[in-house]
Amino acid sequence: MSSTIPFPPCPDCEGPLKLRFDTTYVYCLNTTCEFDGINAGEVVGDHGQPDRGLPRPLIKGRPVPWIAPVIGDQVAWKALNAVRFRSAERHWLCQYCGDALDSAPTAWVAVAQDEVAAGGGLHQNCMELARAECPALRHDPCFVFAEVRPEDRAHDWSAVIERLMAYEQLHDQVPNIVPLLV
Ligand SMILES: [Zn+2]
Ligand SMILES: [Zn+2]
């Protein structure tokens, strides 16, 4: 334990912030401060968060994706760093490592309930790392990882959803990983 205030500090009083058990929202430990119930992704910025690149830094033994907000020594697993989320969308960056996706002709996205999950694309290697490390991604049958081209992003990824639906009609089911050429 360190006696310094965990980063980031409370935007209202500069006191220590704590992540709620839901790993989405934070509150201020200063009892006279009313900062509470704020999404962790809105509190962190780019500064002071783990840098881009591989390998990812470990917190409590688990690799931390670039887009996951870090509050002190806790990871907000269910939140997305809002600043990094916007730059991932704008610049087509990998949500896991933070590096550009343009280096490969295709990337991968997570699809759940006929929608591409928020957070952006992944390098193939990063998708495999994320699945290996995250039990939710590995065991939840709702998550399908689909290989995509950058132009599939147009029209809200409808091209990807249509491809998965066509695959399902042909094969009666969709595997957890769907490459472009199946
Ligand atoms: Zn506060
Ligand atoms: Zn990556």
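Modeller: This is a predicted model. I begin with helix 3, whose buried residues pack against strand 8 (107-112), helix 4 (135-139) and strand 10 (144-148).

Biologist: Which residues of helix 3 (residues 124-133) are buried?

Modeller: In helix 3, the buried residues are C126, M127, A130 and R131.

Biologist: How do you know that they are on the same side of helix 3?

Modeller: Around the axis they cover an arc of only 135°, and therefore they lie on the same side of helix 3.

Biologist: What makes D172 count as exposed?

Modeller: The limit is again 12 or fewer C-beta neighbours; D172 has 7 inside 10 Å and therefore counts as exposed. D172 belongs to the loop between helix 5 and strand 11 (177-178). Although not a glycine, D172 has a positive phi of about 70°.

Biologist: Which value belongs to the cis peptide bond from F7 to P8?

Modeller: For the bond from F7 to P8, omega is near -5°, and the bond is cis. P8 lies in the segment before strand 1 (17-19). A cis peptide bond also joins L54 and P55, with omega about -5°; P55 is in the loop between helix 1 (40-43) and strand 4 (58-59). Most peptide bonds are trans.

Biologist: Into which domains is the protein divided, and how many residues of domain 1 are in contact with domain 2?

Modeller: The division is into domain 1 (7-91) and domain 2 (93-182). Contact requires C-beta atoms within 7 Å; on that basis 14 residues of domain 1 are in contact with 12 residues of domain 2.

Biologist: What supplies the largest share of the side of domain 1 that touches domain 2?

Modeller: Helix 2 does, with five residues. By class, that side of domain 1 has eight nonpolar, three polar and three charged residues.

Key
Residues numbered from 1 in each chain as written. Chains lettered and ligands numbered in written order. Predicted model: local features only at pLDDT ≥ 70, side-chain atom pairs only at ≥ 80, totals over all residues. Domains from an automatic or database assignment. Contact = placed C-beta atoms within 7 Å. Helix = DSSP H or I, 4+ residues; strand = E, 2+ residues; numbered from the N terminus. Nonpolar A, V, L, I, M, F, W, Y, C, P; charged D, E, K, R; others polar. Buried ≥ 20, exposed ≤ 12 C-beta atoms within 10 Å, placed from the backbone. Arc of directions from axis to C-beta.
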